[in-house]
Structures are given as structure tokens and as C-alpha cells.
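Open the model in your viewer and keep the sequence panel beside it. Each stop below gives you something to select and tells you what is there.

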Amino acid sequence: MEIVRRPSHAGSWYTDNPTKLAEELEGWLRESGLTKSPEVRGVIAPHAGYSYSGRAAAYAFGNIDPTSITRVFLLGPSHHYYTPKCALSMASVYKTPIGDLPIDLEVIKELKATGKFEQMTIRVDEAEHSMEMHLPYLAKVFEGHPVKVVPILVGAVNAENEAMYGQLLSKYVDDPQNFFSVSSDFCHWGSRFSYTHYDKKHGPIYKSIEALDKMGMDIIETGDPDAFKNYLMEYDNTICGRHPISVFLHMLRGCSTKIKINFLRYEQSSKCKSMRDSSVSYASAAAKVVP
């Protein structure tokens with residue numbers, strides 16, 4: 001029986017008009033000017049409404065060469081549902097306005113058998129936007145190429161379990177037919193996010209935010225999950241996909257393929273100049289096999 005996850009954020013976070021959506025995504029992918037590379041095995045990309053982060057996300061998804069990839073693992077943070085674990089989807093298909101993405105039920109079954117995952121209801125699944133915002137891009141990039149997705153909702157996972165999940169998933173990284181789409185926005189700055197870290201030595205607030213984000217991005221590029229953990233403990237930067245990113249870093253540490261993350265794009269939703277302002281940062285990265 002087909003269990004459908006509807007594109008619940010279409011029509012609000014992005015257009016539900018298939019023609020318009022396809023044109024928008026194609027335009028952003030073209031503008032990014034990136035060359036598709038079979039060496040790219042994963043991305044970190046934002047998940048805000050497309051009017052905010054759609055353009056930045058193209059700098060992640062534009063790197064994907066779909067020809068030899070048959071499966072995409074999707075790791076997204078949980079915004080509304082609390083769990084200290086990772087949760088698997090109960091759906092058999094994720095719908096988007098521009099094409100449906102079937103779930104890889106075999107891999108879901110395999111992961112379920114480890115006893116380490118819980119299941120999220122369709123209601124929880126449809127309420128969450130972090131993975132959905134990656135789906136239209138994946139549907140676009142993999143157009144004409146059969147691909148299945150493995151959605152994993154990453155809860156409020158402690159450091160020990162980030163390592164455990166990373167270790168458990170690392171074997172999938174060694175299969176070159178697998179791809180990893182990691183969902184995260186970067187700094188959420190302003191009193192409405194209860195985060196107003198400001199280091200005046202960088203000049204205006206938005207420059208301080210950029211310096212803070214870039215520090216985090218540089219650490220992620222080293223591939224060291226422990227250094228990333230320490231950075232988060234010290235600055236408490238409001239990177240909402242901190243747990244999916246950490247799990248991904250542990251996966252890359254645990255696999256035998258050498259893969260390096262590089263950030264290619266950084267944007268802010270607005271330039272904060274006073275304590276009354278607020279902004280969200282978006283960063284896009286590609287994880288590439290190192291020869």
C-alpha cells in the first residue's frame with residue numbers, strides 16, 4: 001500500500017505551480033555556474049523558504065552528477081517534534097509538485113532492524129520542513145534518473161549518540177551509488193531567536209555574524225566532529241542542523257572513503273545593524289571524494 005507524504009509546504013514556502021517551480025530551480029542552478037561532479041557525494045544546504053534560501057541552495061545541489069547515484073540519504077533536524085533519537089519515515093513516497101521521490105523501503109527496514117531508530121508519524125513528517133525543502137531540488141537534479149530517498153529526522157541527539165548514528169551510517173558512504181543531503185540553516189540572530197552574540201571587533205553586527213558562521217564553516221571543513229562540538233559549546237551558534245551536520249561528520253570519519261567538505265556559498269537574509277534587527281544565515285557546501 002502506498003503511503004504518501006504530501007508536499008505540505010508547497011504553496012507557502014515555495015510555489016506549488018510545477019512550471020514556475022521548475023523554472024525557478026533551473027534558473028538558480030544555471031546562475032550558480034557549477035560543474036556537476038561525480039566526485040561530489042554529499043551536500044549541506046539550507047531549508048528556508050525559497051524566496052530566502054533557494055538561490056543559496058543551488059550552490060549545493062548544482063554540484064550533483066545524477067548519473068551513478070541511485071539513493072539519497074536525507075538528514076534533517078526536527079523543529080516541532082522532540083525526540084532524543086533519529087526517526088525514520090513511515091511513508092513510501094515523498095511527493096513534490098515536480099515529481100515524486102520513492103522511499104527506499106529496504107534500507108528503512110535495515111535501519112529499523114538496528115533498534116536504534118524510532119518512527120515518525122506522517123503528521124510529524126508533514127509538519128517538518130527541513131527535509132521537504134530539499135525535495136524539489138532533488139526531484140529536479142535527478143529528473144530522468146531513478147533515485148530513491150532515505151529520510152532520517154535527526155532529533156536532539158547527544159554527542160555520544162551522534163557518534164553512534166554516524167558510525168552506524170558510515171558503511172553507506174562507502175557505496176558510491178549513495179548520496180547524502182544534509183539540511184541546515186546557519187546563525188539565527190536577533191532577540192526573536194534569543195541569540196544576540198555580537199563581537200564589536202568585526203564592525204557592524206552582520207560582519208560579526210559572518211565571522212561567527214565562517215568560523216563554524218571552517219571547522220566543519222576540517223571534518224572534525226569534536227572540534228565542531230566544542231565550537232557550538234563555546235559560542236552556542238544557532239545552527240539548526242547542528243545534529244545532522246555532526247552525524248554526517250561522524251559518518252565521514254567512520255567510513256573508509258576520504259571525503260572533504262567545502263563551503264561554496266554564504267548569504268544572510270538581511271544585514272543586521274542594530275539590536276532590533278534579525279537575520280538567518282544560509283550556507284551551502286559540497287562533500288567531495290579526495291583522490
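A salt bridge here is a side-chain nitrogen of Lys or Arg within 4 Å of a carboxyl oxygen of Asp or Glu. Before you select anything, note that this is a predicted model, in which local features need pLDDT of at least 70, side-chain atom pairs count only at pLDDT 80 or more, and totals for chains, interfaces and linings use all residues. Residues are numbered from 1 along each chain as its sequence is written, and side-chain values use heavy atoms, with hydrogens and water left out.

**Stop 1: salt bridges**

Side chains of opposite charge can pair when their charged atoms come close. A search of the whole structure finds 17 salt bridges. Select Glu 31 and Arg 55. They form one of these pairs, with the closest N and O atoms 3.1 Å apart. Helices are DSSP runs of H or I with at least four residues, strands are runs of E with at least two, and both are numbered from the N terminus.

How exposed is Arg 55? Arg 55 is partly exposed, at a relative accessible area of 39%. Buried means under 20% relative accessible area, exposed means over 50%, and partly exposed is in between (1.4 Å probe, protein chains only).

Next, select Asp 226 and Arg 253. Their side chains meet in a salt bridge, 3.0 Å from N to O. This pair links distant parts of the chain: Asp 226 is in helix 8 (residues 225-235), Arg 253 is in helix 9 (residues 242-254), and they are 27 residues apart. Asp 226 is partly exposed at 40%. Arg 253 is partly exposed too, at 46%.

Now go to Glu 143 and Lys 140. The closest N and O atoms of this salt bridge are 2.7 Å apart. Lys 140 is buried, with a relative accessible area of 10%.

Finish this stop with Arg 5, Asp 125 and Glu 132. Salt bridges link these residues in a network.

**Stop 2: a three-stranded sheet**

Strands of a sheet pair through backbone hydrogen bonds, either parallel or antiparallel. Two strands count as paired if DSSP finds at least two bridges between them. Strand 1 and strand 5 (residues 93-94) run parallel and are joined by two bridges. Zoom in on Val 4: its bridge partner in strand 5 is Val 93.

**Stop 3: strand 9**

Select residues 178-183. This is strand 9, and six of its six residues are buried. In a regular strand the side chains alternate between the two faces of the sheet. Which residues lie on each side of strand 9? Asn 178, Phe 180 and Val 182 are on one side, Phe 179, Ser 181 and Ser 183 are on the other, and all are buried.

Strand 2 (residues 40-45) pairs with strand 9 in the parallel sense over four bridges. There, Val 43 stands opposite Ser 181. Strand 3 (residues 71-77) also pairs with strand 9 in the parallel sense, over five bridges. Leu 75 stands opposite Val 182.

**Stop 4**

A nonpolar core is a set of buried Ala, Val, Leu, Ile, Met, Phe, Trp, Tyr and Cys residues joined through side-chain atoms within 4.5 Å. The largest one has 88 residues, and Phe 61, Ile 152 and Ile 261 have the most contacts inside it.

Select Ile 261. Beyond residues up to four places away in sequence, its contacts (heavy atoms within 4.5 Å) include Ile 44, Phe 248, Leu 252 and Ala 287.

Move to Ala 287, in strand 12 (residues 279-289). Ala 287 is buried, at 2% relative accessibility. Its C-alpha atom is 6.2 Å from that of Ile 259, 28 residues away along the chain.

**Stop 4: two positive phi angles**

Select Ser 194. Ser 194 is not a glycine, yet its phi is positive, about 55°. Ser 194 lies in the loop between strand 10 (188-189) and helix 7 (205-222). Is Ser 194 buried or exposed? At 68% relative accessibility, Ser 194 is exposed.

End at Asp 236. Its phi is also positive, near 55°. Asp 236 is in the loop between helix 8 and helix 9, and is partly exposed at 45%.
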